[in-house]
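Here is a friendly walk through a two-chain model.

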Amino acid sequence: MEQLLDVQNLKIQFRTGEGKLSPVRDISFQVHKGETLCIVGESGCGKSITSLSLMGLLPANGEIAEESFIKLDSDELTGKSQDELRKLRGNRMSMIFQEPMTALNPVFTVGYQLREPLYIHQKLSRKEANQKAVELLDKVGIPDPKKRVKQYPHELSGGMRQRVMIAMALACKPSLLIADEPTTALDVTIQAQILDLIEDLKQEMDMGIIFVTHDMGVVAEIADRVMVMYAGEVVEIGEVEEIFNHPKHPYTQGLLASVPNVEDDEHTLESIPGTLPNVNEKIEGCRFHPRCPLATEQCRKQAPPIFHVNENHTSKCWLQEEANINDKSTTTS
Amino acid sequence: MLGLIVRRFFQLLILLIGISLIVFMSMHLAPGDPAAIIGGPTASESDMEAIREDLGLNKPVLVQYFDYMKGVVQGDLGYSYQTNQAVTAAIITRFPNTFNLAIASMIVAVVIGVIAGIISAIKQNSWFDLSSTTIALAGISIPNFWLGSMLILVFSVTLGWLPVGGLNAPFYTLEGMKQLILPAITLGTASAAMIARMSRSTMLEVVRSDYIRTARAKGVKEKSVIWLHALRNAMIPVITVIGVNFGSLLGGTIITEQVFAINGIGRLMIDGIASRDFPVVQGTVLLVAALFVIVNLIVDIVYAMVDPRISYE
């Protein structure tokens, strides 16, 4: 598969009253065309900030550190000016957000908000843009789109509004769609419809999707690959079957163990003890070790590098080094 | 929308009846006899009785009230005890001065207030924000009579750029505009300060909202994000402040009209109160109350135009 997005050593810094904080440190990942990468992790682990930083939408006191490198197709995004990034936003990369109820501007019609990216990026006339807006609403499954374009957001339900958001994001046929928990605020039935819609549109437009979520059920539904984040770091990346069937990092294992299972009567729900450390909390060694049931002396002293499980699967855990050594010794002996 | 206007019209009627009753009664209960003032210090008791008879002041208060209201319904607000001029005519000649002054002050207030408030918000904690909020606080605290006198001292007496007072040239002439500048700044400063503070706080809230992030995510230019997407939302609460301020400017410019010697409604009212000129006071108070209600109605209509979520059906 062709590579679409390449992120290397992404580090995000915030200037705050307590000095510089880095909620995201040294993360690297790739997204390919037609692929869905799910970013999972607890609230506050840095997954939303990561997606906002790709769009160039960090809050005013946030910035991407100099050593970071982001490339979309053949364009290097790091080092681009705000205005150059703006021309890419809503055009070659788009984003949909968690709260459909507040993500649309209440004082403009749905039609106006849909036409806006078309005016900006494709310089369409009002008539062409309106035609396109109706088509887009139809495409995302909104009945009676001609009437809907004239309505205001408050006249639409939450599911409808999220469809409008999706239509807006896809107006200029972006190659990368970032979805930040787009179904978290919706009913389960609507959630499934929205996931199906995103999946269909991905197939049709051959987009790469970054899907941020903390819901493992959603991950199982739509992910091709999964990236697990913990306290601003990537702890494990792999294909979805690998992550679900053979999770390597103790944190991923913990996440999966804390998903309820209705089919298995024997299944007991487990939680990961402790809470996510603060952004400015200094932790020596692996950042997960205070909560890790398998932590060793080495974990407390030295942060683990990234170890390969196989070609497409990595884990940032000392246990993986051990496993790799054992593997080698069994194959050689 | 029509329903709202009709409903408000009836509210206005009830309000005006209530206000007229209160003003009428309080004027008659207040100490001071208009007959004594009209007759002067040399008038005898029988002269005063004749004056009372002439003005109908010897009738029971309620009867006087109904007589008065009969006239009001026909547009006749009675005759001034002092000048014998019809009150309606006095109001018609003086209202344009007050109205022009109120409009000019509101232009000053809205332009300065909204722009300063918004720049303050988008450059929060900058030197501009800091000085603008400080000036706004001063603007609210400084009394009109002092500010007016100081402006006259600097721009009229010392520099000689603008006239000391008066408002007699039409507002569209250069002379008329020159006459309006200082009183408009005097009156507009407090409103500008209030509008600036309100704009700043609502704008701060709006620029952090999800739909502003959505606009940026679509690639909307930063200028349009602020002046199109954010401004219209931020203005909704500011419109209320503008309406209330405009309403009180239309009736409450007494001090500024005094300082700048402008013949407006405020001076008419204050002169009426000083000389126990009941019809003048009643007429002007009724006018001010009616204007206030009408301005509020206009605010409600503008609301519905700016915010599609508001409907009066």
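## A look around chains A and B

UniProt, in an unreviewed entry, places the feature "domain: ABC transporter" at residues 7–256 of chain A. Keep in mind that what you see is a predicted model. In that model, the span of residues 7–256 of chain A is 41% helix and 26% strand, and its end C-alpha atoms lie 26 Å apart.

**Two chains in outline**

Chain A has 13 helices and 13 strands. Chain B also reaches 13 helices, but has 0 strands. If you follow chain B from the N terminus on, the elements simply run α-α-α-α-α-α-α-α-α-α-α-α-α.

Here are some overall values for each chain:

| Chain | Residues buried | Total residues |
|---|---|---|
| Chain A | 43% | 333 residues |
| Chain B | 38% | 313 residues |

What box do the C-alpha atoms of chain A fill along the principal axes? Roughly 70 × 50 × 40 Å. For chain B, the C-alpha trace spans about 85 × 55 × 35 Å along its principal axes.

How does the radius of gyration of chain A fit with a compact globule? A compact globule of 333 residues would have a value near 20 Å, and chain A has 21 Å, so the two agree.

Contacts tell you how a chain folds back on itself. Take the contacts in chain A with a separation of 6 or more: 64% of them are between residues 24 or more positions apart. In chain B, among contacts between residues at least 6 apart in sequence, 72% join residues at least 24 apart.

**Zooming in on chain A**

Next, jump to Ala185(A), in the loop between β8 (176–180) and α8 (188–205) of chain A. Ala185(A) counts as partly exposed because it has 19 C-beta neighbours inside 10 Å, and a residue needs 20 or more to be buried. Ala185(A) and Gln98(A) are 87 residues apart along the chain, yet their C-alpha atoms are separated by 6.6 Å. Leaving out residues up to four places away in sequence, Ala185(A) touches Gln98(A), Glu99(A), Pro100(A), Met101(A) and Gly158(A).

**Zooming in on chain B**

The UniProt annotation "transmembrane region", again from an unreviewed entry, covers residues 12–30, 101–122, 134–160, 180–198 and 285–306 of chain B. Have a look at two of these spans. Residues 134–160 of chain B are 85% helix and 0% strand, with end C-alpha atoms 29 Å apart. Residues 285–306 of chain B are 100% helix and 0% strand, and there the end C-alpha atoms lie 31 Å apart.

Now for a pair of helices. Two packed helices are described by the angle between their axes and the distance between the axes. For α7 (residues 144–158) and α8 (residues 174–207) of chain B, the axes come within 9 Å and cross at roughly 145 degrees. The crossing of α7(B) and α8(B) is right-handed.

Which residues meet there? From α7(B) come Asn144(B), Leu147(B), Gly148(B), Leu151(B), Ile152(B) and Phe155(B), and from α8(B) come Leu182(B), Ile185(B), Thr186(B), Leu187(B) and Thr189(B). That contact is made up of 7 nonpolar, 4 polar and no charged residues.

Two loop residues of chain B are also worth a click. Asn125(B) sits in the loop between α5 (87–122) and α6 (127–141). Its phi is near 70 degrees, a positive value in a residue other than glycine. Asn125(B) counts as exposed because it has 8 C-beta neighbours inside 10 Å.

Arg276(B) lies in the loop between α12 (265–274) and α13 (278–306). Phi of Arg276(B) is positive too, near 50 degrees. Is Arg276(B) buried or exposed? Arg276(B) is buried, because 20 other C-beta atoms lie within 10 Å.

**Where the chains meet**

Finally, 19 residues of chain B are in contact with 24 residues of chain A. On the chain B side, the elements giving two or more residues are α9 (210–217) and α10 (222–251). The biggest share comes from α9(B), with 7 residues. By type, this side of chain B divides into 6 nonpolar, 5 polar and 8 charged residues.

Methods:
Residues are numbered from 1 along each chain as its sequence is written. Chains are lettered from A and ligands numbered from 1 in the order in which they are written. This is a predicted model: local features need pLDDT of at least 70, side-chain atom pairs count only at pLDDT 80 or more; totals for chains, interfaces and linings use all residues. Two residues are in contact if their C-beta atoms, placed from the backbone, lie within 7 Å. Helices (H or I, at least four residues) and strands (E, at least two) are DSSP runs, numbered from the N terminus. Ala, Val, Leu, Ile, Met, Phe, Trp, Tyr, Cys and Pro count as nonpolar, Asp, Glu, Lys and Arg as charged, and the others, Gly among them, as polar. UniProt positions are given in the numbering used here, feature names are shortened, and annotations may be inferred rather than shown by experiment. The radius of gyration is taken over C-alpha atoms; the globule rule is 2.2 Å times the number of residues to the power 0.38. A residue is buried if 20 or more other C-beta atoms lie within 10 Å of its own, exposed if 12 or fewer, and partly exposed in between; C-beta atoms are placed from the backbone. Axes are lines fitted to C-alpha atoms, for helices over the stretch in contact, and angles run from 0 to 180 degrees between N-to-C directions. A crossing is left-handed if the near helix is turned anticlockwise from the far one by less than a right angle, and right-handed if clockwise.
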